[in-house]
Amino acid sequence: MGKARVALAALLLGGCSSPSYVDASKDWASPNTLTNEVVFKVLPGFDAPKPDCVAVLPLTADKGISAKEAEAIRAAIYEHLAPRVREVPLADVDRLAADLPALHCAAVIEGKVTHYGSTFLGIVSHVDVGADLKMRRVADGRLIWEGSHIASSLDGGIPIDPISAATSLFSAFTNVRGEQSARLTDDLARRLVSTIPPMTLPSLADPGKPPTVKVATAADWFTRGREALAAQDYARAQDDFIQAIALDDTNAGYRDGLALACAADGKTEDALAAYRMAILLDPKDGFAWYNTGIIEFNTGRTGQAIDAFRHAGDAYLAKGDRERAGQAADRLQEIAAVYHAGEHT
């Protein structure tokens, strides 16, 4: 393989790689445009006090990006913020945007959509979705957080024979479909929101204190577990999910919650065991299959990872969730790319 082909192969692999997170408030010079970076900054006033409500304002857009595309990114940000803090419904924000104090909300997110589009060059396609966001306090307009990211997907390749040429053409073509832009929109929002520190969650009890009234149902314990997970209190989240499971051991979702908390706490094998129990309860639990695939791949068990992602894709398709089925297919493609690259190095 010539130098040009090696360079393009490396670029294609880089287009599918996991993002790196750059805290711009620390030692950092400038973003590397050849890597997949999520650049963010938390300013000193964020905790004084932590926001208890966030309103996502309409986003502006660079030239060539439609209002519909900008609104799709705004909606994705709203959805990913939902487990972390109380939000003002987007319709109410639109109605009262000219009078921010009337929102009765501590902070707003504003920003600009910088990228939303695709380029198709025969055997290679490139899809980008990007945004620059800022969070400000309504009371004084003070900037308390900002983040910038471009979620990208690069597909296709250099054909070496007629069969690989057809494969590259199909791969590049499918990469520019609307489903890919939708997946990247979700990736963009999820990655940016993940850099926002824990905020004040709306709950009947202080998440840092034991409840004054005994929680009676499995669903209550599960809700508490999700709140603890969002607050990054992983030990308490595990305890709460275990309480939910003790009251109802037939709900695969409770096992999924426990697995998430274990994984976040660094207990990889415990997380894997919880996902396997969830799958025993519900063989069509695509979420459990998908995350099992991630754990298996990250621990070097490539064969098991491939099997898990295939099951995830089948499970999501059976439930009509084509978007997540596509994400499982993407992971399979990434694993194959890494595997074949390792074979030829």
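Of the 345 residues of the protein chain, 41% count as buried. The model is a predicted one. Its protein chain has twelve helices and eight strands. Among contacts in the protein chain with a separation of 6 or more, 63% come from residues 24 or more positions apart.

Two packed helices are described by the angle between their axes and the distance between the axes. The table gives the two helices of one such pair, with the residues of each that take part in the contact.

| Helix | Residues | Residues in the contact |
|---|---|---|
| H7 | 234–247 | Tyr234, Ala237, Gln238, Phe241, Ile242, Ala244, Ile245 |
| H8 | 252–264 | Tyr254, Arg255, Gly257, Leu258, Ala261, Cys262, Ala264 |

The axes of H7 and H8 lie 9 Å apart, and the helices pack at an angle of about 160°. H7 is therefore roughly antiparallel to H8, since angles over 145 degrees count as roughly antiparallel. The crossing of H7 and H8 is left-handed. By class, eleven nonpolar, two polar and one charged residues make up the contact of H7 with H8.

**Ala231**

Where is Ala231 found? Ala231 is in the loop between helix H6 (218–230) and H7. Is Ala231 buried or partly exposed? Ala231 counts as partly exposed because its relative accessibility is 30%, and partly exposed covers values between the cut-offs of 20% for buried and 50% for exposed. Along the chain, Ala231 and Arg84 are 147 residues apart. The C-alpha atoms of Ala231 and Arg84 are separated by 7.6 Å.

Key:
Residues numbered from 1 in each chain as written. Predicted model: local features only at pLDDT ≥ 70, side-chain atom pairs only at ≥ 80, totals over all residues. Heavy atoms only, no water. Axes fitted to C-alpha atoms, helices over the stretch in contact; angles between N-to-C directions. Helix = DSSP H or I, 4+ residues; strand = E, 2+ residues; numbered from the N terminus. Parallel < 35°, antiparallel > 145°, perpendicular 65-115°, else oblique. Left-handed = near helix turned anticlockwise from the far one by under 90°. Contact = heavy atoms within 4.5 Å. Nonpolar A, V, L, I, M, F, W, Y, C, P; charged D, E, K, R; others polar. Buried < 20%, exposed > 50% of the residue type's maximum accessible area, 1.4 Å probe, protein only.
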